[in-house]
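Student: Could you walk me through this one? I'd like to go feature by feature.

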Amino acid sequence: MSLDRASRVRDVYAHPVGRDAIDRILLQLNRSRSWITNPLIANLRLGVLEALTARFTGPGFLDALLALLNAHPERTIAASGEAVEAWWKEAVFYQIYPRSFADSDGDGNGDLRGILSHLDYLQDLGVDCLWLGPVYDSPNEDNGYDVRDYRAVMAEMGTLQDLDDLIAACHERGMKLIMDLVVNHTSAEHEWFQQAQHDPDGPFGDYYFLRPGKPDTPPNNWTSFFSGPAWRWLPANNRWVLRLFAPGQPDLNWDNPAVRDEVTEIVSWWLDRGVDGFRLDVINYISKMPGLPNGHRFIGDLMGFHGIEHYYYGPHLHEYLRELRGRSFDPHRAFLVGETPGIGIEMGRLLAASDRGELDLVFLFDHLENPGKIRWDDYRYDLNHLKAHYVDYQSRLTANDWMSIFWENHDNPRMISKINPDPQHRTMIGKLLATMALTMRGTPFLYQGQEIAAVNQNFTGLDDLSDIESITRYRETLDRPGEVDGWPEILAGSRDHARTPMRWAPTEGLGFTTGTPWLEPREDSAGFTVAEQHDDPHSVLNHYRELIVLRRAHRALTRGRIDVVEPDAKDWFGYYRVDGADRFFIELNLSDRRLVSRHNSGGRLALGSASDGDSDSKEPGPTLAPYEARVFHVRY
Ligand code: ISL
């Protein structure tokens, strides 16, 4: 049944897409859910609500929302069935940013042989599966997320043989490897786009979104994630091409069956080489609303990008994913995690519930910033938001669902710096985050450097940066009216914080390279390299290692149930993980103050983060130190 002006607010909230859309708006406006769920509002007819809010939203907002909802008639997710057993539900994933992990040949760029030479380290840490960032041949306008040839390795990273060796070496150690699959767009240097430009009316023209027009008027008002219009003018062709990201990243037209065939073949080609699965880059953007209509101004202003409602959950998304999975992933039993920016918990469940035949997991992003904040805001992240996110998310999952656990990757600043940049708390926050990542119910994805408590860099200006997003955004700030200095927001949000070389040793080149690193590190605190932490039993690195050992020994910490204690308690997060008679109680201080411990589980401390001596073996005190984490083992 489709929704219309006679429907009520509660009907929208009962629709998975509607619920996520409303939650997203509330989050952005920093308003509580009771705004919508109180009966006065919940019973309002949409037509009435429209009349009341039109001054605020401008005309057409309700139509835009209804079009989105009515394009997705699937309302329910079956809650029945036994939970599926799968290796990836118990695995610890580790994301490698190849350019910055380890350089084997001194050219300043990380490479495949560098990764190969550190596999023992990763195995020793307890990693089960590597997620390898893009290593395909690329002109690197967006560091490999612009693929020129899907079946070749970029020269500075090595060769196909090196990659085969890496896959084999992982498998020898009982580890798996997934690759990044970037198929929402290609590089403009990809042969398909070259052909499309050569003959826009030929078969490859329809691989992309090419539109005739005039050089001063883009076909619609969509904006790019990397600043400016989402369109690039091609003077030789007298046409525009859609590119949601960099000018050199034209979007593929998935409505063209030939494009979907190509992707199927690429995927099968890699799976035949032994890859265990993929992380699918911005996979929820692949289905664009036919006709590419203008985005609604209010929605665009709110989200920061115009047009997003026409592609972040497009009409054919589910269909295309099911098709791709059936044709290429299923025969290999490949694992799939989708990067899905902008969607919420219910849409995430529709994409990844085990009985739907689409993805296995999704990465959601609403927990990465506090309500009302965006990545470019310079603020202290309140961990109570992270708690609230997990409490809510866990409460909505059924036996068919499973979640990913992460807060760092190559697109975000380091979490420790966002929570509290004071160096005296660095180790404790590092261990707190380790404890949460490895005891929360779900699959943890660690990002390189997280295990040694990596923090943000002291960049001093644009010359210190490399990322296209930071650079284009900084230029955009210069064009804004007024003379507000744009640098603080770039420094707060730059993706380069997480992209500087891995800190292996406290030496020149950090043990990363014998040459000049492609991106200079701007942070030289002592004690935060792998070499320094390796033999220190109280290091963050060893905390990760011990937690992983504990996880592996107890199903309660992986597949076990989660029972949250006092979900509304502020600054304190406590939960049980339970598997039959085996249970753990986890207690976390989310604040920079001492807190009274609420532990009364009767268990003994299995692992604690307090740094005063060998606390692991001592009876824990009555108060938790700032950011302290404790894991108690309770047996019945
Ligand atoms: O820019 C965003 C909105 O703030 C992000 O949500 C963005 O959509 C997301 O970071 C997409 O990231 C992925 O695709 C990009 C690439 O640059 C990133 O490195 C990758 O993780 C384009 O391929």
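Student: Where is Tyr-627 found?

Tutor: Quick note before that: this is a predicted model, with local features needing pLDDT of at least 70, side-chain atom pairs counting only at pLDDT 80 or more, and totals for chains, interfaces and linings using all residues. Residues are numbered from 1 along each chain as its sequence is written, and side-chain values use heavy atoms, leaving out hydrogens and water. Helices (H or I, at least four residues) and strands (E, at least two) are DSSP runs numbered from the N terminus. Tyr-627 is found in the loop between strand S19 (623-624) and strand S20 (629-635).

Student: Is Tyr-627 buried or exposed?

Tutor: Buried means under 20% relative accessible area, exposed over 50%, and partly exposed in between (1.4 Å probe, protein chains only). Tyr-627 has a positive phi of about 60° although it isn't a glycine. With a relative accessible area of 3%, Tyr-627 is buried.

Student: And Arg-333, buried or exposed?

Tutor: Arg-333 also isn't a glycine, yet has a positive phi of about 55°. Its place is in the loop between helix H13 (317-329) and strand S10 (335-339). At a relative accessible area of 73%, Arg-333 is exposed.

Student: How do H2 and H14 lie to each other?

Tutor: Axes are lines fitted to C-alpha atoms, for helices over the stretch in contact, and angles run from 0 to 180 degrees between N-to-C directions. Helix H2 (residues 16-29) and helix H14 (residues 345-352) pack at about 140°, with axes 7 Å apart. Under 35 degrees counts as roughly parallel, over 145 as roughly antiparallel, 65 to 115 as roughly perpendicular and the rest as oblique. So H2 and H14 are oblique.

Student: Which residues in H14 does H2 meet?

Tutor: Contact means heavy atoms within 4.5 Å. From H2 come Pro-16, Val-17, Arg-19, Asp-20 and Ala-21, and they meet Ile-345, Glu-346, Met-347, Gly-348 and Leu-350 in H14.

Student: Which side chain does a polar contact of 3.0 Å join to Asp-392?

Tutor: Asp-392 is found in helix H15 (residues 383-396) and is buried, with a relative accessible area of 17%. Not counting residues up to four places away in sequence, Asp-392 touches Arg-33 and Ile-345. A polar contact is a pair of N or O atoms within 3.5 Å; within protein, one must be able to donate a hydrogen and the other to accept it, and residues adjacent in sequence count only if both atoms are side-chain atoms. The side chain joined to Asp-392 at 3.0 Å is that of Arg-33.
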